[in-house]
Amino acid sequence: MATTNEELIGRSQVDDIEAILAVSNGDSDSKQHSIVTEQEVSFTWDYEQTREPLRKLYEKAKTSQWNANDLPWHIEVDQEAVVAANQAANSYLYQEGMDMSGTPFAKWGDKEWLAFGVESQNWTLSQFMHGEQGALLCTAQIVETVPWIDAKYYASTQVVDEARHVEVFARYLDTKLSGHYPINAHLKALLDDIITDSRWDMTYLGMQVMVEGLALASFGFMRQMTTEPLIKELLRYVMSDEARHVAFGVLSLQEYYKELDGKEIRERQEFAYEAAVRMRDRFLQQEVWERMGVNVKDAVNFVMQAPDRPIFTGMLFSKIVPNCKKLGLLDAGDGWLREKFTELGVIQFEDWADTSEEYGSLDAVTQDREEAAV
Ligand SMILES: [Fe+2]
Ligand SMILES: [Fe+2]
């Protein structure tokens with residue numbers, strides 16, 4: 001029953017650049033993208049809240065709401081200055097004295113690197129915004145499909161959270177940055193997969209555990225790296241919600257997975273792997289290279305071999321791997337997912353904190369309240 005890489009991700013070698021780039025967004029000019037889904041929508045007549053961890057999470061969500069309008073939007077952002085400061089402080093891809101000969105960047109000087117940094121920031125924030133809309137739709141779907149009342153209650157709070165996240169990223173892009181990008185093809189394919197899967201728990205695994213797990217890690221990374229105070233604060237609030245969302249996924253699936261047999265668990269492992277590969281592919285930011293007018297294949301080839309790429313990719317998975325372990329997905333069956341995550345070079349995070357435990361420590365609204373009380 002071994003499923004091959006071809007069947008799962010459409011290529012036998014995970015780093016096959018041509019196959020990765022063959023996935024592109026064909027209708028990037030259209031304003032609407034509709035998909036037909038076949039979901040079973042469930043009423044429940046059992047109103048008793050029997051799941052204590054979900055009830056606690058719901059209570060927390062109700063008292064941790066915030067208003068996007070209260071962020072310090074008056075802060076002016078000089079995007080070029082911010083990008084230059086970030087590039088000076090961090091060395092990803094661009095390193096002083098690095099040998100670029102034979103790469104598309106051989107002739108690049110400070111001006112081109114700065115232009116790239118600006119595009120890259122527009123692209124990154126645009127993908128965050130699109131991903132947040134994915135979360136909004138997926139969570140609305142969970143309200144309908146999950147059979148438990150406590151999960152429906154909690155998910156309804158997440159719908160509000162996600163609307164707010166789309167709102168803040170859109171507003172930041174429109175008022176502080178210099179242009180939008182359409183959704184990345186790999187991210188789009190992943191969101192479509194998650195939304196069309198008719199099994200309610202797959203929405204959770206794809207969205208709450210994989211996409212939001214990655215979002216939480218990459219928001220944290222950006223927050224740490226940036227010198228810009230508004231985005232720092234914006235991300236602090238978004239992360240405080242995201243940590244709850246990931247915890248919601250882990251706590252719900254932990255219960256449900258106990259009922260599944262070996263074959264069903266294997267399908268979840270494969271789904272997690274597929275999602276991981278798509279998310280890794282999206283971070284190659286092929287659309288930015290296109291816009292910068294360099295040969296995309298050569299650029300991606302360079303990115304893949306950049307000395308700090310393993311650290312960057314690994315960081316993206318620092319929440320996903322421990323959460324998959326907590327769910328028993330890493331070692332179920334013959335440990336298939338452990339092997340796959342080892343191949344992707346991300347297994348080293350397996351014993352980091354899982355999010356079902358750490359969400360309390362990231363709660364921005366409670367932190368503010370405690371600070372105000374001192
Ligand atoms: Fe979100
Ligand atoms: Fe979220």
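Two residues are in contact if their C-beta atoms, placed from the backbone, lie within 7 Å. This is a predicted model: local features need pLDDT of at least 70, side-chain atom pairs count only at pLDDT 80 or more, and totals for chains, interfaces and linings use all residues. Residues are numbered from 1 along each chain as its sequence is written, and chains are lettered from A and ligands numbered from 1 in the order in which they are written.

View 1. Helices (H or I, at least four residues) and strands (E, at least two) are DSSP runs, numbered from the N terminus. Helix α12 covers residues 296-305. Its buried residues are Val296, Ala299 and Val300. Buried means 20 or more other C-beta atoms within 10 Å of the residue's own; exposed means 12 or fewer, and partly exposed lies in between, with C-beta atoms placed from the backbone. The buried residues of α12 fall within an arc of 95° seen down the axis, so they line one face of the helix. The arc is that of the directions from the helix axis to the C-beta atoms. An α-helix has 3.6 residues a turn, so residues three or four places apart point the same way. The buried residues of α12 pack against α2 (17-22) and α11 (286-292).

**View 2. The loop at Gln285.** Gln285 sits in the loop between α10 (262-282) and α11. Its phi is positive, about 40°, although it is not a glycine. Most residues other than glycine have a negative phi. Gln285 counts as buried because it has 22 C-beta neighbours inside 10 Å.

**View 3. Helix α3, buried side and exposed face.** Leu54, Leu57, Tyr58 and Ala61 are buried in α3. They cover an arc of only 100° around the axis, which puts them on the same side of α3. The face turned away from that buried side carries the exposed residues Glu52 and Thr63. Cover for the buried residues includes α6 (149-176) and α9 (229-257). The twelve residues of α3 (residues 52-63) should span 16 Å at 1.5 Å a residue; the end C-alpha atoms are 17 Å apart, which agrees. The expected span is 1.5 Å times one less than the number of residues.

**View 4. Met210 in the largest nonpolar core.** A nonpolar core is a set of buried Ala, Val, Leu, Ile, Met, Phe, Trp, Tyr and Cys residues joined through C-beta atoms within 7 Å. The largest has 69 residues, of which Met210, Ala272 and Ala276 touch the most other members. Leaving aside neighbours within four places in sequence, Met210 is in contact with Leu205, Ala272, Ala275, Ala276, Met279 and Ile320. A second, separate core has ten residues, including Trp289, Val294, Val296 and Ala299.

**View 5. Confidence, from α6 to α16.** pLDDT is the predictor's confidence in each residue, from 0 to 100. The mean for the protein is 91, and 97% of its residues reach 70 or more. Among the elements, α6 has the highest mean (98) and helix α16 (residues 355-358) the lowest (78). Where pLDDT is low, the predicted coordinates should not be read in detail.
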